[in-house]
Each structure stands twice: as structure tokens, then as C-alpha cells.
Amino acid sequence: MAARSISVFKTLKPAPADPILSLTTSFLNDPAPHSHKINLGVGAYRTDAGKPWVLPSVQEAERRIIEDSSLNHEYIPILGTPKFVQLVQGFLFDNSAHGNTSKLLSQGRIVTGQGISGTGSLRVLGEFVLNGTSTKKISIPNPSWANHEAIFHNAGLEVVKYSYYDRETQGLHLGKLLEDLRALSPGDAVLLNVCCHNPTGIDPTAEEWEQILAIVEERQLLPLFDMAYQGFSTGLVEDLSVLDKVSQMVDNGKIGNMLLAQSFAKNMGLYGERVGSFSVVTASDSESRTVASQLKRTVRAMYSSPPCYGSKIVEKILEDDALRGQWSEEVSIMRDRLKNMRQLLYDRLVALGCHGPGKDTTGWGHLISQQGMFCFTGLTAEQVGRLQQASVYMTANGRMSVAGITPANVGRLAEEIASVMV
Ligand code: LMR
């Protein structure tokens with residue numbers, strides 16, 4: 001008998017593979033010997049031996065969790081436990097180096113909730129902004145992290161782009177960036193990276209930030225900060241300086257609000273635990289109560305309440321000054337290794353006499369001036385494709401995760417890059 005039913009998926013088209021995460025699959029499926037393959041795709045820290053690193057501070061936190069007989073697996077509140085919120089707020093906003101954020105915090109003007117790492121936090125803020133404010137549009141950098149556009153589009157916001165990278169100079173295209181921000185309307189949101197811009201590794205200097213923030217004020221834009229790499233530029237506290245500048249603008253009444261999505265994936269190495277936070281700076285403590293209630297409503301309908309293993313690790317580390325200090329040292333180790341690998345690759349390329357796409361004498365100056373986990377090499381998609389044939393994996397836009405470079409593979413990496421430059 002002929003089947004009468006028709007699959008509702010009959011006309012469904014396959015979705016394109018994720019440009020970042022699918023590289024890991026291609027890398028694993030590559031039949032070349034493991035020691036020959038180089039994975040510079042996903043932004044996940046690796047040691048000099050090319051292995052993931054469970055931070056000793058995290059191991060200690062986990063040991064304390066197991067020993068803590070008062071812990072259980074009950075649901076936690078919609079915005080996370082009061083302990084997590086208090087500790088994370090203190091960590092992000094209350095430190096002597098940054099007086100302006102502390103001031104807003106003590107005035108009850110910062111609402112924070114635990115998010116599902118950076119991605120989930122961005123999504124919550126996107127939906128909250130769309131439903132709770134007159135903001136309907138967000139401008140993101142060009143280029144931006146490959147997932148930003150989809151996150152905000154799926155949250156219902158119109159996504160436009162502002163200029164960021166200048167292929168000619170391998171640097172920031174400040175003139176065009178300012179022009180594009182100036183063309184936005186009051187109330188439009190603008191996505192800004194606190195530090196270690198993904199994918200370019202290019203961060204504005206202090207003077208450039210002044211100019212960017214002047215337009216944010218002039219156009220009355222809503223700054224939404226993404227902070228996935230706190231600690232990978234200069235230090236956990238030092239990297240917060242732009243947030244302090246913007247907090248001062250809020251405090252002085254120059255702009256109304258500020259939003260922040262933050263992640264512990266990279267700086268605590270808690271990738272798969274999906275732990276981070278979202279924060280909203282409001283005009284008053286009563287406004288904060290309203291905002292908190294709306295954030296709860298957004299989260300409850302999306303995923304009800306956040307998971308609580310990663311957040312317990314964060315609590316254990318942040319609540320103990322000694323463990324927090326140890327963690328900060330471990331972040332320096334990761335930061336230093338990334339900087340060393342940049343330098344090593346630069347040195348190898350220069351020693352090979354291979355000229356890069358940049359304008360400086362070696363053409364590779366951007367490898368060492370960029371910040372954080374990523375290096376925007378300036379290689380073309382065609383060159384990246386040829387590298388992949390040699391089992392060297394990076395995203396098609398020429399982004400390299402510096403964490404995948406090791407003392408053992410840097411020599412071959414430089415040779416393979418040199419071979420595609422001719
Ligand atoms: C990356 O950009 O590689 C990371 O943020 C991981 C991811 O989810 O894309």
C-alpha cells in the first residue's frame with residue numbers, strides 16, 4: 001500500500017557546516033599521522049605539548065566541590081546562585097583599579113546573571129534588548145566572531161556591520177569604523193570586544209578607544225561588550241579598563257546604559273562547562289529590579305535556569321583569595337605562552353626569508369602586535385585551502401588559533417606557510 005504520509009522535512013535543505021567547529025571534525029578525520037597534523041582552528045588553549053590544560057586551580061576547586069557535603073544537584077535560581085552573582089560582580093566590577101564600575105555596583109545599578117558561557121549570555125542579552133527596549137538593531141564588527149551574526153539574528157535583532165579590519169595595513173580601519181558608527185541611529189546597539197578581538201586579534205589603542213567612545217556618546221548608541229578573552233591581553237584586571245571608561249560615561253550621564261556578556265571558557269579553561277555571565281548597567285536600583293525581572297522572564301522561557309557544575313568551580317576559585325591568586329598566575333602562563341608562540345612563528349618565517357602580507361619590513365609584524373588567542377594572518381582562502389592539504393587547519397578567513405602552535409610544530413608550520421606564499 002502506498003504511504004500517505006509526507007515527511008515535514010521533505011523540503012529541508014542541509015545547513016552549512018559551522019566554519020569553526022567543523023574544522024575540528026576535518027582535523028580528526030584527516031588520515032595523516034597525528035604528529036604531522038596542526039590544528040589552528042577552534043580557539044581553545046593547548047599546552048606546549050599540544051594538550052588541553054585543566055588548570056591546577058580548577059582541579060583544586062573540583063576537589064573542594066567533591067568534599068563539600070552540603071552541595072547537591074537542585075535547580076539553582078534563574079539568574080544563578082546569589083553567591084555566584086555576588087562573586088562574579090565583585091570580580092568584574094569591584095576592584096581598586098577600576099573605581100567607576102565599583103561606584104555603579106555600590107549604587108545597585110548593575111544587574112548580573114549567570115549565563116551559558118559567552119554565547120548563551122549574548123543570546124539572553126539580544127532577546128532582552130529586543131523585547132525590553134526600543135533597540136531593534138545591532139552593529140557588529142566586520143569581521144566578527146563567526147557566530148555573532150547568527151546569535152543576534154536568531155534573537156530577532158537586525159544585524160548590520162561596521163568596518164574594523166584593514167587588509168592593506170593588517171590593522172584597525174579606524175576612519176571607516178568611526179564613519180560607520182556615526183551612521184547608526186540613537187538607541188542602536190553596537191557590539192564591542194573588550195580585548196583580544198575575535199577573529200583579528202586587533203584591539204583599539206587607548207586613544208582609539210577614546211574616539212570610538214566619543215561616537216558612542218555622540219550617537220547615543222547602546223554598547224554591548226563581549227568579553228571572552230579577559231586576561232589574555234595584559235591581565236585579568238588590566239583588561240577591564242575599557243569597561244571602566246564606559247562605566248564612567250554612564251555615571252556622568254553621557255550615555256544611558258551598558259551591557260556585558262562574559263565567559264569563563266578560556267580564562268578558566270571551562271569550555272564544555274558553559275559558564276559565564278551577562279550584566280546590564282541601569283539608571284537606578286529600582287530600574288535594576290525591573291531589568292532583573294525581565295531577564296528572569298527571558299531566561300525562564302529559553303532554558304529555565306543555568307547549569308551548576310561550572311558555576312560551582314567559579315565560586316570556589318573566586319571566594320578564596322589564595323586560589324584566585326593562583327588562577328591569575330595560571331592565566332599569565334597561558335598568556336605568556338601565546339605571546340611566545342607568536343614570536344617563535346614570526347622568527348621562523350623571517351628566518352626563512354618569507355615575506356608576509358603586511359606593510360612592515362618583514363610583512364609579518366601583525367603576528368606579534370595582535371593580542372590574545374587569535375592571529376589574523378592575512379592569508380587568503382586559497383592559501384588556507386592549500387595549507388589544509390598539508391594537514392594545517394585554520395579558518396578560511398586566515399584566522400589562526402595561536403594556541404595550536406607548539407615548539408615542536410612551529411618549524412613545519414612556518415615552512416608550510418612559506419610554501420603557500422609563493
Ligand atoms: C572560537 O572562536 O574559536 C571560539 O570562540 C570557539 C567557538 O565557539 O567558536
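The model is predicted, so local features need pLDDT of at least 70 and side-chain atom pairs pLDDT 80 or more, while totals for chains, interfaces and linings use all residues. Residues are numbered from 1 along each chain as its sequence is written, and side-chain values use heavy atoms, with hydrogens and water left out.

**The ligand.** Select the ligand and the residues around it, among them Ile 20, Val 42, Tyr 229 and Phe 374; a residue is near if one of its heavy atoms lies within 4 Å. Next, display Gly 43, where a polar backbone atom is 2.8 Å from a ligand oxygen. Trp 145 places a polar side-chain atom 2.9 Å from an oxygen of the ligand, and an N or O atom in the side chain of Arg 399 is also 2.9 Å from a ligand oxygen.

**Salt bridges.** Now select Lys 316 and Asp 68, whose closest N and O atoms are 3.2 Å apart in a salt bridge (a side-chain nitrogen of Lys or Arg within 4 Å of a carboxyl oxygen of Asp or Glu). Lys 316 lies in helix H11 and Asp 68 in the loop between helices H2 and H3, so the pair ties together parts 248 residues apart in sequence; helices are DSSP runs (H or I) of at least four residues, numbered from the N terminus. Lys 316 is buried at 11% relative accessibility, whereas Asp 68 is partly exposed at 23%; buried means under 20% relative accessible area, exposed over 50%, and partly exposed in between, with a 1.4 Å probe and protein chains only.

Finally, select Lys 83 and Glu 319, which meet in a salt bridge at 2.7 Å, N to O.

Key: Polar contact = N/O pair within 3.5 Å; in protein donor to acceptor, adjacent residues only side chain to side chain. Helix = DSSP H or I, 4+ residues; strand = E, 2+ residues; numbered from the N terminus.
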